[in-house]
Structure formats: structure tokens, C-alpha cells
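Got the viewer open and a selection box ready? Here is a short tour that goes stop by stop.

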Amino acid sequence: MQQIGPLFKREFLGYFRSPVAYVFLVVFLFTSVGLAFFVGGFFKANLASMESFFVFHPWLFLFLIPAAGMRLWAEEKRTGTVELLFTLPVTTLEAVLGKFLAAWAFLTLAILLSLPLALTVGWLGSPDWGVIASSYLGSILMAGAYLGVCSLTSALTKNQVISFVLSVLACFVLLCLGWSVFSGVLGTVLPVWAVDLVANFSFITHFDAFTKGIVDPKDVAFFLSLAGFTLFLNIVVLER
Amino acid sequence: MIEVKALVKTFGAIRAVNGVSFTVRRGDILGFLGPNGAGKSTTMKMITGFLRPDAGTAIVDGIDVAKDPVAVKRKLGYLPESAPAYPEMTVEEFLGFIAEIRGFRTAAARRAQVERAVGLTHLASVRNQTIETLSKGYKQRVGFAQALLHDPPALVLDEPTDGLDPNQKNEVRDLIRHMAVEKAVILSTHILEEVEAICTRVIIISKGRLVADETPAQLRARQPGARLDEIFRSLTQSDL
């Protein structure tokens, strides 16, 4: 486990050695805040709340996290550095965790760059800070679960485009299961308990509680176990 | 130092390596010859623990690569074919990362190892350049520096002089000869003059099988008066 440190450091700093990180951070900030301002009615609502900001995160992540995660393993395979990495004294687990944690830290940074928005809300009104904190926590945990899926699909191919498309597809399925539109359709053919069961596997279902200020251990466990399970599959794929 | 025992590797229907065995002692420079696709790289990847053999194993300094691959990776320096490295890092950052992951955790120890490797491979003039801006010869030297950074007892070099100009080839050969005094070295090549120039032993494989294991002088004595490439051709004829 002591090898995770250097791997994490290289990967995390690696984002900032190319323009990719800056482009990503700017796009992430503009789209997340833009959606809240122009689609979510952040100003029109006239409420000291960030709900209109967080409500778009599951949809925003659907495209932005595969964009950040597609290179994780696909790039190493394409340039051949995967051979270098796995002839250094590291285990597959250390390599997978080091890379995953670095990408997760990077995404956390992207999410936290919106903090001035929260401070502005606090300056203009008196928001429920507990709700804002739990929303941030939920968003970061959900990003980890998305990233787990993307890391897995990235390990399946050396082509970043294929990796991106696979990640979006897999995440879209996990997202849709709990989307009200999809559940409505499902409700016409399946009994209620079956619809609820299916919805339990969705990002939205588990994220909703966080945006209402509820930190339920079940939801935390869902995101962490989804990330853990996909990383386990990631190791299996790499050791094949 | 390196003991290879009946290695077998199959890719789909093709048996890339079929029961290759040999040993390399300290002080040996083993030239690993064979036509393209004969299984040289595959054998090397199995010795370094990057590929798992279907049967057989390799023992490096008393450690079985099938049982403890990470310990073997600690003992080995490996230059993969075409010397992959992270293109966005500078030479110094890259070697610093390798040093850290090779267990040189204090800044002073890391610096000492990087200085030594940079000095041995004459990289001082490009140490602050990113690897993607380097010429082929320099990239190859970075791969070399990475392989010998931790002063390993055994070196595995996959086509170390590939793509170098004649002066650089000479320099690399001098370096290998100089280091081999207290190390076991395996190098693959398809340049026959290289074998005569530096190798103390020659192994020829063809279609995944060992067809010769002797000194360069013995190889030459097979057909007195013939050129080395004629002897090579007659030994590997079954490939044509």
C-alpha cells in the first residue's frame, strides 16, 4: 500500500502537466454554474439555496466524468507505459487505487471550485449550511461511483473514444433506473416493488437524499460499494 | 542470477513461446536473437513479470516470478521495447517518480539516484525537457536511465540500441559492457554485429523454440568461414 503515494502524486500532478486539467476545470465550472443560473432558475427562485445547482449534477457527471476518466487506463495502454508501470514493484491493487484516488481528488477539486457560489448565497441570505454540506458530500461520493465505472471501462480498451462511449452508456443506464420519466414507464408494466427495486440501483435515487440534507449511511454505502465493486472488476480486467 | 525454466505462452491459437529454458550468471551479457515474431519480447515480458506464463517460470536472484512477482520486479531493471515513458513529464520528474516508486523516499536519496542515472546515460543537457520533445535517441536513454536507476543486479533490455545512430549505439554498448561486470544482462537484438561486439553468450530462438545456446565463438564455428547472418539464417530457416 505504500506505493499508492507516489502513484497518486504522479497521476494527480499529471493532470496539471497538460492543458487538459485547466480546460476541464473551466468547462466543469461554467456548465455547472451555467445550468443553475439559466436552466435551474437560481435567481428566479429567490431562495438562499443551492438546490438548483446540485440538481443537475447527476446529468452533468454523465458526460464530464467519462471525459476525465476515459484516459485513466486507455492512455497507458496506447502509449505502452502500462508495461513500464507493471514492471515496477507495484501490485495491480496499488496501481488501480493510486490512479483512482488521484482522479477522484481532481474531480473533488472541480466540484469544490464552486464554493464561491455557496459563499455568495451565504452573504445574500441565510441558507441551511447543513444541506449545502451534505449536497457537496453527496456530489463528491457520486463522482467517485461514476469514476469507478469509467476506470473500469477505460481498462477494457486502449481507445479513448471507445472508453468514453462505453462509460457514458454504462453511467446512463445506472442514471436512468431512478429517473422519474423512466420509472413512470416502468410503472405501467411492473409492480411498484419491482420499480423501487430497480430504482435502488440508480445514482439519482441515492443522490436525492443528500440534496435534501439527509446523509443516510445506506446512500453512502451505495456509492462507496459501487466504486469498490467496479474497481475490483478493474483489477480483474487488468490481471487477465 | 536469472534462471528461465521451460516457459510457455500461448496467444489464442499461436504458441508464441514453447518451452524456452536458459540461465544467465552474474557477469554474463546474453544476446537474445531471433527473427521478428520469434518470441523474444514475449519471453522477456514473462521474465519481468508483465505477462504470466502458461507454464514454466523464471527465477531471479532466487525468487520465483510466478510466486512473488513484485519482489522480482524490485531486483530487475527492464527497458521495454521502444522505451515507453510518460510524455508530459520532464526527464527529471520522470526519473524522480521512478526513484520514489523504487523505494528512495527521502529527497536526498532520490536526488542521488537520479543524478547517478542522468550521469551514466548523459542526460544532463535535457533533464528539464518534457519527454515528448526528445529525439528517439534521448528517449531510449531515458528508458535506460529508468532501468538502471536502482542499480539492479539483473537487467533485461529489449532492443536497447534500436533506432540509435552509430555513435549512440557504441555508447550504449560501452555502457552495457561496463555495467555487466557485476550484473546479469539479457539483451534482445536483431543486429548480429552487436552480438559479436558485446555478448558473452548467444541464444537464438525460432518459432518460440530454442535453437542455439552457446558463445559467439562456438556459433561462428558451426560453419567455419560463413558470415554470422548466414549461420543465423540456416538456424532459423523454418521461420521462412
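Which residue forms a salt bridge with Arg127(B)? Select Glu115(B): the closest N and O atoms of this salt bridge are 2.8 Å apart. Keep in mind throughout that you are looking at a predicted model. Arg127(B) sits in the loop between α4 (107-120) and α5 (136-148) of chain B, while Glu115(B) belongs to helix α4, so the pair ties together parts that are 12 residues apart in sequence. Color by accessibility and the two partners part ways. Arg127(B) is buried because its relative accessible area, 17%, falls under the 20% cut-off. Glu115(B), at 32%, counts as partly exposed.

**Zoom out to chain B**

The C-alpha atoms fill a box of roughly 55 × 40 × 35 Å along the principal axes. For 240 residues, a compact globule would have a radius of gyration near 18 Å, and chain B agrees with that at 18 Å. Of those 240 residues, 57% are buried.

**Cross over to chain A**

Bring chain A back and select Arg17(A) together with Glu93(B). Their side chains meet in a salt bridge, 3.1 Å from N to O. Arg17(A) lies in the loop between α1 (4-16) and α2 (20-39) of chain A and Glu93(B) in helix α3 (residues 91-101) of chain B, so this pair joins two chains. Both ends are partly exposed: Arg17(A) has a relative accessible area of 25%, and Glu93(B) has 33%.

Next, select Lys99(A) and Glu76(A). They form a salt bridge whose closest N and O atoms are 2.9 Å apart. This one links distant parts of the chain, with Lys99(A) in helix α7 (residues 92-112) and Glu76(A) in helix α5 (residues 71-79), 23 residues apart.

Lys99(A) lies over the face of Trp73(A), 5.2 Å from the ring centre. For another charge over a ring, pick Arg71(A) and Tyr15(A): the charged end of Arg71(A) sits over the Tyr15(A) ring, 4.9 Å from its centre.

Now widen the selection to Arg10(A), Glu11(A), Arg71(A), Glu76(A), Lys99(A) and Glu88(B). Salt bridges that share partners join these residues into one network. Over all chains, the salt bridge count comes to 29.

**On to the aromatics**

The whole structure holds 24 aromatic pairs over all chains. For one of them, select Phe37(A) and Phe42(A): the pair is tilted, with 5.3 Å centre to centre and 35 degrees between the planes. Phe37(A) is partly exposed, with a relative accessible area of 25%, whereas Phe42(A) counts as buried at 11%.

**Last stop: the surface**

Switch to a surface view and select Leu156(A), Ile162(A) and Leu166(A). Together they make a nonpolar surface patch of about 240 Å². Leu166(A) is partly exposed, with a relative accessible area of 33%.

Key:
Residues numbered from 1 in each chain as written. Chains lettered and ligands numbered in written order. Predicted model: local features only at pLDDT ≥ 70, side-chain atom pairs only at ≥ 80, totals over all residues. Heavy atoms only, no water. Phe/Tyr/Trp six-rings, centres within 6.5 Å; stacked < 30°, edge-to-face > 60°. Buried < 20%, exposed > 50% of the residue type's maximum accessible area, 1.4 Å probe, protein only. Lys NZ or Arg CZ within 6 Å of the ring centre and 35° of its normal. Patch = residues over 30% accessible without salt bridge, like charges linked within 9 Å, V, L, I, M, F, W, Y side chains within 5 Å. Areas by Shrake-Rupley, 256 points an atom, 1.4 Å probe, with all protein chains shown as cover. Salt bridge = Lys/Arg side-chain N within 4 Å of Asp/Glu carboxyl O. Rg over C-alpha atoms; globule rule 2.2 N^0.38 Å. Helix = DSSP H or I, 4+ residues; strand = E, 2+ residues; numbered from the N terminus.
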